[in-house]
Each structure stands twice: as C-alpha cells, then as structure tokens.
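Welcome! Here is a short briefing to read alongside the sequence and the 3D view.

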Amino acid sequence: MKAVLALADGRIFAGKSFGASGEATGEVVFNTAMTGYQEVLTDPSYRGQMVTMTYTQIGNTGINPEDIESRQLYLSGFIVKEYHDFHSNWRATMSLDSYLKENGVVGIQGLDTRALTRHLRDKGAQNGIISTVDFDPESLLRKVRAVPSMAGLDLASGVSCDKPYHWTEKLWELGEGYGQATPAELKYKVVAYDFGIKYNILRCLVSAGCDVTVVPATFPAEEALAMNPDGIFLSNGPGDPEPMTAVIENIRKLVGKKPIFGICLGHQLLGLALGGRTMKLKFGNHGSNLPVMDLATRKVEITAQNHGFSVDIVSLGHACELAHENLNDQTVEGMRHRDLPIFSVQHHPEASPGPHDSHYLFSRFVEMMETNR
Ligand SMILES: NC(=O)CC[C@H](N)C(=O)O
C-alpha cells in the first residue's frame, strides 16, 4: 500500500505503508542509532515526534518482550529506508510490522531516508504528516501546517505515572535476564520524578544500590522531602521544558535540600529551576553514537542522546559550571552546581539503546549521596 510523508516546508517523500495505516502527524527527527529500534519506539521522550532511522535496514531483529523502555509506544510515526519482515533473533516473538499495527503506530518505508535526514539537517527538524489515505499535496500541507510546533508544548504531564510506586528490577545480564534487587542491596533512598522515565534509568539506579520510589511529575516537594530520601532524581521526558512552570517551581523547593541528579528533560528542568534558560536546537541529537567529553577527566565517552532542546550555560551565571561537552555541536552536555550537590547530563547514561560508557554517572550520584548523608 502506498504511503507519503509531507513536511511542513512542502517537501514530499513517497514510499510504502508498513505498521498501522491511516494518518499521523508530529515533529520529524532523525535517529542515528544502528541498533535498538525497539527501545527508540518505547522511549516516552519521543511523544509528539515521528522518527526516521538513518540506519538503512530495520526490522531484522524483530520485537522481543524484554527490550522495552516504558509501558507503551509514544512516538506518532516511524520512517525507515528498508523494512525487513523476515526477522532473525533468538529473543524475537513478533515482527516490527505487527508490533506497530497492534499499537496503532503509522509507518512508512521505501523512501530515501538519507535525503530526508540531509533535508532536516539543512532546514531543521519540522512537523510532518504520514498518510496512507490522502495523497493530495495541498491537503497534506494544510493538515501539517495546522499541527502546533514542538517549542512551547508541555508533553511530559501526559506521560508521567498516576501514583508513586517502588522499582526493584536490576540491569539485564546474559543468561540471567533482569534480576531483582534484595532489600540488603539497596542502601540509598531515592525519589525519582517521572516525566516520562525510561525503565533502564530505574534499573541503573537499582543496580547502583538505590532504593527507588518513582513519583508523578506533580508530586509535591514537601512530600518528597518528608520521605527523607538520600537523593532526588529528575527523569527524561518529551516536549519543551519551559512551559512546565509548576514542575520547575517544585524542583526549586528541592534545591539545596538534597543531592539531585537529572537526565535530559530533568537536566533542562533543573537548569530552569536554577534560574537559567533553555532553547530549541535546529535538529537536536538523537542516536547512540554521539561523542561527549567529561571535562573533569578529559575522557571522551560515546553516548546515547535524544533531545531537541538545550540548556544555555551562560544564562546560569556563576551558579553552575559546564561539566560535559558535546563534541559534535559543542552544546551543553552536563552541568555541576558550584556549591550544592547537584549535577545533570543532557545525554542518556542508561543507554538503551547505546554504549555503556556513561554508566559511571550513576556511581557518581551514589558517591554524592554517600558524602552528603
Ligand atoms: N530525552 C529527553 O528527555 C528529551 C528532553 C526534551 N524533550 C528535548 O527534546 O530536548
């Protein structure tokens, strides 16, 4: 079946339908990861976006019940060069096509994703529409131009959990699967704010010895502090951090009270709570092969990233120093508070998908909690 992708600036790509049929809109971004499409599909930070993979063959490893990063698929469309229906993987239980169909995610394949990626790099990430029912350029452009821009959208509130819960699952190990932590292993009490948290962050925290209680985005700071945690964690999540004013105000009440570690949206929210500004990048960073320097050790790590916004470090004045730098676009990759036990990173140390170079950040958080007990 035929499918088309129309971008808001008028560029149209023709391809074939896979996954669910119908129509979907969202901000089109490209992801440079060569593996891990299942983790990409279930990353809540992609809510409101349609993802194109720059890797050309997608579907070969099928879908398995283990590599999921949240309870559902959040992205609104999936764009690939060559979809492979014949999967071969000892863990696979179904095909990517069936998975997308079952979850109502519209896909398009057989288009020139290299041309699409170059277009997004030149013109910037922008809204798009995938359709298997309407092929009229005028009508498609009318529909895509009615979609609100990602800048200014608070999308995190809709993906957070409803009530607090406890998480005890550890990292995956070959031959073992996901282990469960015993109470004796969990030495540091952590309250983790869920703005669209990825499961592997929770697993990394537990494997590092954290006793994790996940709380909704709106959970009052006073109640979090009443739980007397050793540290607070601020998660990743979708959308623009700036309109999340109530959340930012709440984080402000936690600053100076407990050690804080933030990842991605959590890092951006922390930047805003500390008085800084955030801005939208031209096309952001989405992939699992992005070089970052830890400025404390001068070591370069290859990281997983998925963001379209960035913290302006200058806007934070003297309060925070730059701790990590993105070596591709020189954007702020991490910051450290000069006086308080607070640090955060823009990339995803939990990977999933991606290399484990940055796992050490979870140990840094634990050390910080230990020193500030
Ligand atoms: N992965 C994330 O937390 C993404 C943060 C934010 N939505 C951005 O696009 O920059």
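**A first look**

Glu350 is buried, because 26 other C-beta atoms lie within 10 Å (buried means 20 or more other C-beta atoms within 10 Å of a residue's own, with C-beta atoms placed from the backbone). This is a predicted model, where local features need pLDDT of at least 70 and side-chain atom pairs count only at pLDDT 80 or more, while totals for chains, interfaces and linings use all residues. Residues are numbered from 1 along each chain as its sequence is written.

**The annotated site**

- The unreviewed UniProt entry places the feature "active site" at Cys264, His348 and Glu350; such annotations may be inferred rather than shown by experiment.
- These positions are spread over 87 residues of sequence, yet they cluster in space, with a largest C-alpha distance of 11.2 Å.
- Glu350 sits in the loop between strand 21 (342-345) and helix 9 (360-371) (helices are DSSP runs of H or I with at least four residues, strands are runs of E with at least two, and both are numbered from the N terminus).
- Leaving aside neighbours within four places in sequence, Glu350 is in contact with Lys198, Asn200, Ile201 and Cys204 (contact means C-beta atoms, placed from the backbone, within 7 Å).
- Cys264 lies in the loop between strand 16 (260-263) and helix 8 (265-273), and Cys264 counts as buried because it has 28 C-beta neighbours inside 10 Å.
- With neighbours within four places in sequence left out, Cys264 is in contact with Ser45, Asn236, His307, Gln346 and His348.

**Around the ligand**

- The residues surrounding the ligand include Ser45, Asn236, Cys264 and His307.
- Strand 18 (residues 299-312) provides the largest share of this shell, four residues.
- By class, the shell has four nonpolar, seven polar and no charged residues (Ala, Val, Leu, Ile, Met, Phe, Trp, Tyr, Cys and Pro count as nonpolar, Asp, Glu, Lys and Arg as charged, and the others, Gly among them, as polar).

- The domain assignment gives domain 1 (2-145) and domain 2 (165-371), with bounds from an automatic or database assignment.
- Their centres, taken over C-alpha atoms, are 27 Å apart.
- In domain 1, 24 residues are in contact with 23 residues of domain 2.
- The largest nonpolar core has 98 residues (a core is a set of buried Ala, Val, Leu, Ile, Met, Phe, Trp, Tyr and Cys residues joined through C-beta atoms within 7 Å).
- Helix 5 (residues 199-207) gives the most to this core, with six residues.

Definitions and conventions: Near = placed C-beta within 6 Å. Buried ≥ 20, exposed ≤ 12 C-beta atoms within 10 Å, placed from the backbone. Contact = placed C-beta atoms within 7 Å.
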